[in-house]
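Student: I have a new model open and I'd like to learn how to read it feature by feature. Could you walk me through it?

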Amino acid sequence: MAQKINEAHEHIAQAEKHLKTSFMKWKPDYDSAASEYSKAAVAFKNAKQLEQAKEAYLLEAEAHTNHRSLFHAAKAFEQAGMMLKDMQRLPEAVQYIEKASVMYVENGTPDTAAMALDRAGKLIEPLDLAKAVHLYQQAAGVFENEDRLRQAVELIGKASRLLVRQQKFDDAAVSLQKEKNMYKEIENYPTCFKKTIAQVLVHLHRADYVAADRCVRESYSIPGFSGSEDCIAMEQLLQGYDEQDEDQVSRVCTSPLLRYMDNDYAKLAISLKVPGGGKKKKPPAAAAVASGDAGAAPPEEDEDEYAGGLC
């Protein structure tokens, strides 16, 4: 380990020499300095000196930036972020990865930028859901600008699920609509059906029956939706919700169709309550009595009609 640390310091010293100017050397040799800083960072990392490795990567990034090698500078910033990740300093790690993503875009490699933002989102998700949503949305925006809708919609889907998990239903509704529109654009119609179910659940948790109903009606224009299992289930759910029929709502929400959705949406289905606490359907006999059906059994008091005798 001591040998690796000494080796790292030697590379740092060499890098500093490359940066010095003299009467015969007017400009710093940033490229050579960056190479030495990179070697120093690797030596520090192998010696488990993560803080010093991070600093070396930052020096490498600075040298590459001065040399206008933005792609390599961004890579060095990402590596500095990885050192911070290993030190469990995740918010700082994400900051450097975000900085790298900006440089990737400036360098003309937006795909690399989007993938870096996706990685940053995964890193911070266990700690900060709101930040993860922001990163996924940023990454989706980069892919969308490049007309890579399949990659963009996957990231919007991640953001939608995290918004639901935070119970930010207004934002989730907007995100789901965008997600569904993209799936429609790439003609992935079966996934549009699933997004309609997610929309209905989110809107009903917002107590907005009208918006939920509108989502289903708009989906009738999607090829294959009308008459599908998804369509019928949502029509039954909306009917049960509107009529405050607790049994019908429960039957739909606990069906395999909803139970096997993404976990965040399945939880929405299980926890959905009808307005006013709902009402259970009356047993058939009670319903018949209440309706005054001629074929219903007569009330119990009529069975003892001659109990007082004939007189």
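Predicted model: local features only at pLDDT ≥ 70, side-chain atom pairs only at ≥ 80, totals over all residues.

Student: Where is Gln 199, and is Gln 199 buried or exposed?

Tutor: Buried means under 20% relative accessible area, exposed over 50%, and partly exposed in between (1.4 Å probe, protein chains only). Gln 199 has 2% relative accessibility, so it counts as buried. Gln 199 sits in helix H10, residues 189-205; helices (H or I, at least four residues) and strands (E, at least two) are DSSP runs, numbered from the N terminus. As for contact, that means heavy atoms within 4.5 Å. Not counting residues up to four places away in sequence, Gln 199 touches Leu 176, Gln 177, Lys 180 and Cys 215.

Student: What about Cys 192, which residues is it in contact with?

Tutor: Cys 192 is also placed in helix H10, and with a relative accessible area of 0% it is buried. Leaving aside neighbours within four places in sequence, Cys 192 is in contact with Lys 180, Tyr 183, Lys 184 and Ile 222. Now try a C-alpha distance: Cys 192 and Phe 225 are 33 residues apart along the chain, and their C-alpha atoms are separated by 8.7 Å.

Student: Let's zoom out. How many helices and strands does the protein chain have?

Tutor: There are 16 helices and 0 strands. Of the 311 residues in the protein chain, 41% are buried. Take the contacts between residues at least 6 apart in sequence: 57% of them join residues at least 24 apart. For the surface, accessible areas come from the Shrake-Rupley method with a 1.4 Å probe, and for residues only the protein chains shown count as cover. The protein chain exposes about 17200 Å², with carbon and sulfur atoms supplying 51% of it.

Student: At what angle do H5 and H6 pack?

Tutor: Axes are lines fitted to C-alpha atoms, for helices over the stretch in contact, and angles run from 0 to 180 degrees between N-to-C directions. Angles under 35 degrees count as roughly parallel, over 145 as roughly antiparallel, 65 to 115 as roughly perpendicular and the rest as oblique. Helix H5 (residues 90-107) and helix H6 (residues 110-124) pack at about 170°, their axes 8 Å apart, so the two are roughly antiparallel to each other. The residues of that contact divide into 13 nonpolar, 2 polar and 1 charged.

Student: Where does Gln 138 lie, and which residues is it in contact with?

Tutor: Gln 138 is in helix H7 and, at a relative accessible area of 32%, partly exposed. Setting aside neighbours within four places in sequence, Gln 138 contacts Glu 98 and Leu 117.

Student: And backbone angles: what is phi of Gln 88?

Tutor: Most residues other than glycine have a negative phi. Phi of Gln 88 is near 65°, a positive value. Gln 88 lies in the loop between helix H4 (70-86) and H5, and at 63% relative accessibility it counts as exposed. Asp 147 is not a glycine either, and has a positive phi of about 60°. Asp 147 belongs to the loop between helix H7 (129-145) and helix H8 (149-165), and is exposed with a relative accessible area of 66%.

Conventions
Residues numbered from 1 in each chain as written. Heavy atoms only, no water. Nonpolar A, V, L, I, M, F, W, Y, C, P; charged D, E, K, R; others polar.
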